[in-house]
Amino acid sequence: MNKPKNAPRRPAAAVTPASPCPCGRTEAYRDCCGPFHQGLATAPTAERLMRSRYSAFVVGDTGYLLRTWHPTTRPGSLDLEPAQRWSGLDILGTTGGSAFHTEGTVEFRAHFTLHGHADSQYENSRFVREDGQWVYLDALPSV
Ligand SMILES: [Zn+2]
């Protein structure tokens with residue numbers, strides 16, 4: 001028997017330019033990750049790139065995710081899970097990743113709900129700066 005799902009269907013929280021940025025910084029989206037997504041500015045640090053990539057998951061900007069992915073590790077295409085609702089980002093630690101570095105790591109936990117169940121994704125991501133722009137390289141193996 002096919003039971004209907006009881007989880008309430010909530011529309012994705014619409015992110016507007018004046019919304020608090022989904023990445024968790026206090027700035028509005030238009031003053032935080034928005035300009036990065038629109039190609040008007042580039043993330044100055046690995047952490048800001050990481051946050052803007054999380055925000056891109058929230059707003060469904062696969063183009064931004066792909067163009068901030070290192071060409072050697074970038075997938076050919078990216079399909080986001082439409083039922084996945086991202087609900088918050090915790091930055092747990094960073095190494096390097098400043099304007100004075102060419103490499104950096106950002107350890108984070110991203111929270112989401114999927115089909116009514118709360119879950120989270122942990123990753124220690126590696127970023128490199130190429131031609132002045134931070135890009136995502138890969139995930140470090142968990143220890
Ligand atoms: Zn942001």
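## Two loop residues with positive phi

Asp-131 sits in the loop that joins E3 to strand E4 (133-139); strands are DSSP runs of E with at least two residues, helices are runs of H or I with at least four, and both are numbered from the N terminus. Its phi is near 50 degrees, a positive value in a residue other than glycine. Asp-131 counts as exposed, with 6 C-beta neighbours inside 10 Å. Here, buried stands for 20 or more other C-beta atoms within 10 Å of a residue's own, exposed for 12 or fewer, and partly exposed for values in between, with C-beta atoms placed from the backbone.

His-115 belongs to the loop between strand E2 (103-114) and strand E3 (117-130). This residue is not a glycine either, and has a positive phi of about 50 degrees. His-115 is exposed, with 11 other C-beta atoms within 10 Å. Most residues other than glycine have a negative phi.

## Basis of the model

The model is predicted: local features need pLDDT of at least 70 and side-chain atom pairs count only at pLDDT 80 or more, while totals for chains, interfaces and linings use all residues. Residues are numbered from 1 along each chain as its sequence is written.

## Overall chain

The protein chain contains three helices and four strands, in the order α-α-α-β-β-β-β from the N terminus. Its C-alpha trace spans about 60 × 40 × 30 Å along the principal axes. Of the 143 residues, 29% count as buried.

Contacts are pairs of residues whose C-beta atoms, placed from the backbone, lie within 7 Å. Among contacts between residues at least 6 apart in sequence, 44% join residues at least 24 apart.

Terms used. Two residues are in contact if their C-beta atoms, placed from the backbone, lie within 7 Å.
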